[in-house]
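Here is a short report on one protein structure, written for a reader who has not seen it before.

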Amino acid sequence: MRLDEKMIASIVEEVLREIGMGSGADGRFERQSGDREQPGRFGAREDGMPPAARRDNDLHDITSQEEKAKPTLAHPMDQEALTRMMGKTTARIGVGKAGPRERTRTWLTLRADHALARDSVFSDVDEGLVDRLKLVSVQSMCRDRNEHITRPDLGRKLDQEAQQKLVSACKAGVDVQLIASDGLSSKAIEANLENILPVIEDGLSMRGISTGPAIFVKFGRVAVEDAVSDLLHPKVVCILIGERPGLGTAESMSAYICYQAFAGQPEARRTVVSNIYSGGTSAVEAGAYVAELIETILKEKASGVDLKH
C-alpha cells in the first residue's frame, strides 16, 4: 500500500504527540506544555515523555567509573563479595546476561569504550599541550596517522629535517634525554604528560642529573628513542609514550628507559614502568619513581635485564 502525503503527515503527528512534541505556528517542532498526556502506544510517562526521551538531567554516563562499578548481575549469591571483586579490577565482571547474550547496557558500554579507544589511536595530541611544556616538537618518518599505524618501522626513525632540528635545539651528551610521543594513544599523553614530566625533571635536577630540553615525537614508536640517542648521545634516554588502548582505559602511558641506547639494540635492554594512569600508578607517583630509577640506572650503568637491583 502506497502512503499518500496526508497519511504520512498523520503518522508523523501521532508520533510527535506520543513523545510530547508538536508543531508550532511557524511549522517548527517544539515540546508541548500543559496537561500531562495519557500514555500511548509508545509508553509515554506521566509527564508526557516516553522513557527514551528523558531530559538531560535524567541521563547517566554509563561509561563513567561510578556507573561501571555498579553490578548489573541480577540476584548474585554474594552481593558483598561481588562488590569487593569489582572494586579490585577493571575487568567486566558481574554484568549478567539476557538469555544467551549480554545485556543492552553491557553492549552499549563496550561500544562506547571501543569508540573511545579508536578515537585515542586516530587523534592527535593537542598542540597547546606541547607548547605549554615547551617541548621540541618533531615528527617521525611517518607522513600521516595511517602510515603510523601500518608502518611501525617508520615510527622508529627520524628524517633529515627532524634530525637537524634536534641537533640545533637540544644539548648533546647530557645525562638524560627525556622524550614524549603519542605512540598508540594520544589521550594517554594528554591525560598524564603535564603531571609526570615536571616531576621527573625536578627529581633529576634535585639529584644533580643533567637533562636537555624535552622532545615530543609525533607518530613515534618506542624505539624512536634509539634514534634520538644515536643523534644526541645522552647516557640515558627515557620515552613517555601512549600505550595501545584497551576496553578498560585509553589513558595508559609507559616509560621506557635505556642506558646508552642505539638503533637495532635488543628490546631486553629497556627498563619499563607501565600502567601509568589514574586507575593504575598515578602520573605524579610514577614520575617520582622514574627519577629514582634513572638515578639507579646511571649508577649501575645498565638497564633492562642487565640491571641488577
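The text below covers salt bridges, then a helix pair.

This is a predicted model, in which local features need pLDDT of at least 70 and side-chain atom pairs count only at pLDDT 80 or more, while totals for chains, interfaces and linings use all residues. Residues are numbered from 1 along each chain as its sequence is written, and side-chain values use heavy atoms, with hydrogens and water left out.

The structure holds 12 salt bridges, a salt bridge being a side-chain nitrogen of Lys or Arg within 4 Å of a carboxyl oxygen of Asp or Glu.

E225 sits in helix α9 (residues 224-232) and R270 in strand β8 (residues 270-276), 45 residues apart, and the pair links distant parts of the chain. Helices (H or I, at least four residues) and strands (E, at least two) are DSSP runs, numbered from the N terminus. Both E225 and R270 are buried, where buried means under 20% relative accessible area, exposed over 50%, and partly exposed in between (1.4 Å probe, protein chains only). A network of salt bridges links D124, R145, D182 and K218.

The axes of helix α8 (residues 186-206) and helix α10 (residues 283-300) come within 8 Å and cross at roughly 35°. Axes are lines fitted to C-alpha atoms, for helices over the stretch in contact, with angles from 0 to 180 degrees between N-to-C directions.
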